[in-house]
Amino acid sequence: LQMWTVGTLDLKRITWNSPACTIEKLEQYESVHAVRSWMDIKRRLGNGRRCFGFFHRNAPREPLIFVWVALTDVIPENVQSILLEREQPKSSEANAKCAIFYSISSQVGLARVDLGNFLIKRVVSVLRTEIPNIETFCTLSPLPRFRSWLDKLLSPENLESPPQDIGISQSEHNNLIRCVPGAKTWTSALKSLVDRRGWTADPEIVDAMEPVIRLLGAYYLIKVKRRTSNSAADPVANFHLRNGSCLHRVNWRGDTSYHGLRQSLGLMCNYNYILDRIEENSESYVVDGKIAISGSDPYIARVQNRSWLSVSTDTSDLADGDSSTADSTAVSFTVMSYNILCQKLIRRDLFKYASKSSLRMKPRKERIAKEIQYLNPDIMCLQEVGTEEWHQTFEPQFKKSGYKSLMYQSLRKAHDTARLLMDSSLEVCGEKLRTDNVALIVVLKVGPDPTSETAEDALSAYNTDRPGVIVSSTHLFWRPTACFERLQQQIALLEAIDTMKEKYPDYPVISCGDYNTTPDDAGYDLMTKSRPVSLSEWQSDNLFPRHSDNFNKADDSSDDNDDNDDTSNNLIGSNSTSSGSLMSYANIASIGTNVESEEVRRKRRRLEKEAQRAEELLRNDTQRVQTLVEKFQKSFQPMRSCYSTYADLDPSYRTTQWDGEPIFTNYTAWKGTLDYIFYTPQRGLQVRGVMSLPSENSMKPGLPNETFGSDHVSILARFDFKPTDSTLI
């Protein structure tokens, strides 16, 4: 029926010169953004704007369905910027990069006939032909049922016990509470604020509400489904996602009209029609309910990709007095480890799949900064921090957010620095240690309460006994075959940590970083397994140092000189008399030893020497590896990886290559797990949760992409720390 209907319809552009009766119908049928006057319609039909409609051949002046389009340079966040903007000069259309569908309406009787899908696709085809420089086809769409859903969320039963799966951060919770004296939960505070008249005029309330409402909007679009299917509950979202678009961005104060504030507190969103992904997106959504994501909206990322997963603690190796049950008196803090990919290391041949904007410094660093800002860790251990991007981008923003930082830059490489950042509730206990090209190690203690009302209160709190913990940030050698060198670096790191522990013997340890070691490597087993560790033959072989195959460099000078002088002898079995001829090792072996020329004897002696050197080198390397492995096992107690049971928490990350750890934290042409947060599961330190990793679909075809700014994903762990008396400073 629909195909027959579309086949009988004509697509026409509606302009200010169209019949007056047709223009009147636009005002009559417009259901999204009401037309206020004829001048309003004229502005919507002017330069930089388009309106297209389907007309039946028997009613050529009666639009059955029509769509409004704005031609812009960027994807807009606010619809008033489109509706109220003065008419642009005609020349502005030639520079437009985006076509924005900001309203689509139909006659009432055709509401259930799916003509909108065909209309948008036909209009895209027309615009691509008319204005070839347009690269982006996107919408600016309302959330018509958001407010009604929010009212149900803020029902009385949720006011005292807010839902936990939304992921409101502690700082967001505190900011809302501060605006409503007497409120105990973010839901009760938000309920009071959204019902308050004139809240949009109070900057403090607006700032407190923005992150919460945007997060709730993303949650509503992605997580709230229809009762009878896996489709989005919001009708506009369902329409565009079914048509193959990507959810791109949730816009705060996207529609500040009375109608927009009443139906969605002003929220709007962008759906991005990426033309070569439309069919794939549509099928994935219709069949599996999967929502495609584009852009780098941190609130969408928080809902779609990252959430806290509870970790069950095994207490068999905890110290006496520790408990596996959560303790309300324990200090709780979060730790992030993140290799953010230094800009100097980016080469097109390494990231052939990535778009230009995915690799450019400015948009990459903005994505990383936003991701960190909204994951909001208490302690950050960053690797591959370039000096330039640190001072230009990260340092000002993190300082503004209340972080203090320590930096270690390798003397050998300007592009690889380790940064360890802490929020205002943590203090460096006058102790820090740097190991050459390996790690930055710091002793931290919980600092003064940032909510202390006076400086005297803060100083008094600071001088009292507070718990301490040793934290390290490291980045080990990258070359895949360099297992031996990485093992040496691991030992150097652990020896440096032991140096700290000599002064603070009862402090627990958290060691974060890009270890460039997969969970099936010897280095991982030695780091985490109970003693003694039995390495497989494959692990042991990989530990052997890699040497050059050219042993001739070690030959004595007399042989070299003889060889250089021998340029004219005829070789046995050859009629060649040319000078400078050399016989390959294969030919030497085939000749035998009954009759040898002088050159053959030299080659044979050289081979024998090389074989002797190889045997000696093997004996030496075997001894070196055994010594390192024995030292590792005798000198250092095993630690635990926070993500060692992640595959049980998220089966989509399970692999047959290893048990427990996720299948990857690095997603490029090569994919695997390289990043870890290790800790000592004793002395009052327990991991309570880990941050989930992004879905694989959101990382395809590889990192970095339009959502994630690095080739690694960040990992986070939440710790509870209830120190014993000996861990207090």
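A residue counts as exposed when its relative accessible area is over 50% and as buried when that area is under 20%. In this predicted model, Asp276 reaches 68% relative accessibility and therefore counts as exposed.

**Charged surface**
- Asp276 lies in the loop between β8 (268-273) and α13 (278-288), and together with Glu279, Glu280, Glu283 and Asp288 it forms a negative surface patch.

**Salt bridges**
- The count of salt bridges comes to 21, and one of them joins the side chains of Glu85 and Arg49 at 2.6 Å, N to O.
- This pair links distant parts of the chain, since Glu85 sits in the loop between α4 (80-83) and β4 (98-106) while Arg49 belongs to strand β2 (residues 49-56), 36 residues apart.
- Glu85 is partly exposed at 31% relative accessible area, whereas Arg49, at 4%, counts as buried.
- Within helix α6 (residues 146-153), Arg147 and Asp151 are 4 residues apart, about one turn of the helix, and their side chains meet in a salt bridge of 3.0 Å, N to O.
- Arg214 and Asp297 form a salt bridge of 3.3 Å, N to O, linking helix α10 (residues 203-223) to the loop between α13 and α14 (298-304) across 83 residues.
- Arg214 is buried at 13% relative accessible area, and Asp297 is buried at 7%.

**Helix α24**
- The 38 residues of helix α24 (residues 598-635) should span 56 Å at 1.5 Å a residue, and the 55 Å between its end C-alpha atoms agrees with this.
- The buried residues of α24 include Glu599, Arg602, Val625, Leu628 and Phe632.

Conventions: Residues are numbered from 1 along each chain as its sequence is written. This is a predicted model: local features need pLDDT of at least 70, side-chain atom pairs count only at pLDDT 80 or more; totals for chains, interfaces and linings use all residues. Side-chain values use heavy atoms; hydrogens and water are left out. Patches are made of residues with over 30% relative accessible area and no salt bridge: like charges are joined within 9 Å, nonpolar side chains (Val, Leu, Ile, Met, Phe, Trp, Tyr) within 5 Å. Accessible areas come from the Shrake-Rupley method with a 1.4 Å probe; for residues, only the protein chains shown count as cover. A salt bridge is a side-chain nitrogen of Lys or Arg within 4 Å of a carboxyl oxygen of Asp or Glu. Lys and Arg count as positive and Asp and Glu as negative; His and the chain ends are not counted. The place of a charge is taken as NZ of Lys, CZ of Arg, CG of Asp or CD of Glu. Helices (H or I, at least four residues) and strands (E, at least two) are DSSP runs, numbered from the N terminus. Buried means under 20% relative accessible area, exposed over 50%, partly exposed in between (1.4 Å probe, protein chains only). The expected span of a helix is 1.5 Å times one less than its number of residues.
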